[in-house]
Amino acid sequence: MNKRKSGASPVGNALLNVAALGGTVCIVLVILAFFFQITLIMFKTGSMSPTIPAGSLAVVKKIPASEVRVGDVVTIDRPSALPVTHRVTSVSPGESGTASIRMRGDANPTDDPLPYEVETVRIVLWSVPELAYTVNAANNPLVMGGMTVAMAVVVTWAFWPRDEPRRRRNESDRQEAAT
């Protein structure tokens, strides 16, 4: 009987486990985004400080405007402008399924100048301070290319066929000859 031992080292196994975990996280995020309309947003300003400081990464979910309540933190997409994420200060029903929403940033002394007439919003589920800077840095093509090459090297290295050490091979040959 020739019992073959795996050629992967503990370091190789650890690197493969990290790569598998990263791949699993990516797959879960794609499923959440597609089926549950959950996405990520990055905060570039401090208008929601101290609740959500600049540089935070937030998980948001698209919901109908009719489900918005006073006190919710929501993101509203604006035509020809960046989205705005503030706390809801008042909600009133609008025409044909819309809602008129007034909002204010936690760091702002007054409400936004005009109410927003919307059918849907993205509600903030939770956020992580400082994580947006890391995600933004990873968005660089050089960093993404480097990470792709590094993962390809790790996977190739882990699955590359290895020669069985000569001593073990000779022992296996003798055992097979004896039987």
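**Reading strands, helices and side-chain pairs**

Mentor: In this predicted model, strand β4 (residues 81-93) and strand β5 (residues 99-104) run antiparallel and are joined by six bridges. Within that pairing, Val91 has Ile101 of β5 as its bridge partner.

Trainee: How many residues lie between β4 and β5 in their hairpin, and which residue in the turn has a positive phi?

Mentor: The hairpin formed by β4 and β5 has five residues between the two strands, and in the turn it is Ser96 that takes a positive phi, of about 45 degrees.

Trainee: Which strand is joined to β5 by three bridges?

Mentor: That is strand β6 (residues 116-118), which runs antiparallel to β5. Here Ile101 stands opposite Tyr116 of β6, while the bridge between Ile101 and Val91 belongs to the pairing of β5 with β4.

Trainee: Let us turn to the helices. How does the reach of α1 compare with the expected value?

Mentor: The general idea is that an α-helix has 3.6 residues a turn, so residues three or four places apart point the same way. In this structure, helix α1 (residues 10-36) has 27 residues and reaches 38 Å from its first C-alpha to its last, which is close to the 39 Å expected at 1.5 Å a residue. Just after α1 comes Gln37, with a positive phi of about 50 degrees. Helix α3 (residues 141-159), with 19 residues, reaches 27 Å between its first and last C-alpha, close to the expected 27 Å.

Trainee: What does the side chain of Asn140 reach at the start of α3?

Mentor: A side-chain oxygen of Asn140 comes to within 2.7 Å of the backbone nitrogen of Leu142.

Trainee: How many aromatic pairs does a search of the whole structure find, and why is the pair called edge-to-face?

Mentor: The search finds one. Its rings belong to Phe34 and Phe35, whose centres are 4.9 Å apart, and the pair counts as edge-to-face because the planes stand at 90 degrees, where the cut-off for that class is over 60. Phe34 is exposed, with 63% relative accessibility, and Phe35 is exposed as well, with a relative accessible area of 59%.

Trainee: How many salt bridges are found in the whole structure, and where should I look for them?

Mentor: The general idea is that side chains of opposite charge can pair when their charged atoms come close. A search of the whole structure finds four salt bridges, and one of them joins the side chains of Arg122 and Asp77, at 2.7 Å from N to O. This pair links distant parts of the chain, with Arg122 in strand β7 (residues 120-128) and Asp77 in strand β3 (residues 73-78), 45 residues apart.

Trainee: Are Arg122 and Asp77 buried or exposed?

Mentor: Arg122 is buried, because its relative accessible area is 17% and the cut-off for buried is under 20%, whereas Asp77 counts as exposed at 51%.

Trainee: Which residue forms a salt bridge with Arg87?

Mentor: The partner is Asp106, with the closest N and O atoms 2.8 Å apart. This pair also links distant parts of the chain, since Arg87 is in strand β4 and Asp106 is in the loop between β5 and β6, 19 residues apart. Arg87, at 25% relative accessibility, is partly exposed, and Asp106 is partly exposed at 29%.

Trainee: Which residues are linked in a network of salt bridges?

Mentor: The network links Arg102, Arg104 and Asp111. Between Asp111 and Arg102, the closest N and O atoms are 3.9 Å apart. Asp111 counts as partly exposed at 24% relative accessibility, and Arg102 counts as partly exposed at 27%.

Methods
Residues are numbered from 1 along each chain as its sequence is written. This is a predicted model: local features need pLDDT of at least 70, side-chain atom pairs count only at pLDDT 80 or more; totals for chains, interfaces and linings use all residues. Side-chain values use heavy atoms; hydrogens and water are left out. Helices (H or I, at least four residues) and strands (E, at least two) are DSSP runs, numbered from the N terminus. The expected span of a helix is 1.5 Å times one less than its number of residues. A polar contact is a pair of N or O atoms within 3.5 Å; within protein, one must be able to donate a hydrogen and the other to accept it, and residues adjacent in sequence count only if both atoms are side-chain atoms. Two strands pair if DSSP finds at least two bridges between them. Rings of Phe, Tyr and Trp (its six-membered ring) pair if their centres lie within 6.5 Å; planes under 30 degrees apart count as stacked, over 60 as edge-to-face and the rest as tilted. Buried means under 20% relative accessible area, exposed over 50%, partly exposed in between (1.4 Å probe, protein chains only).
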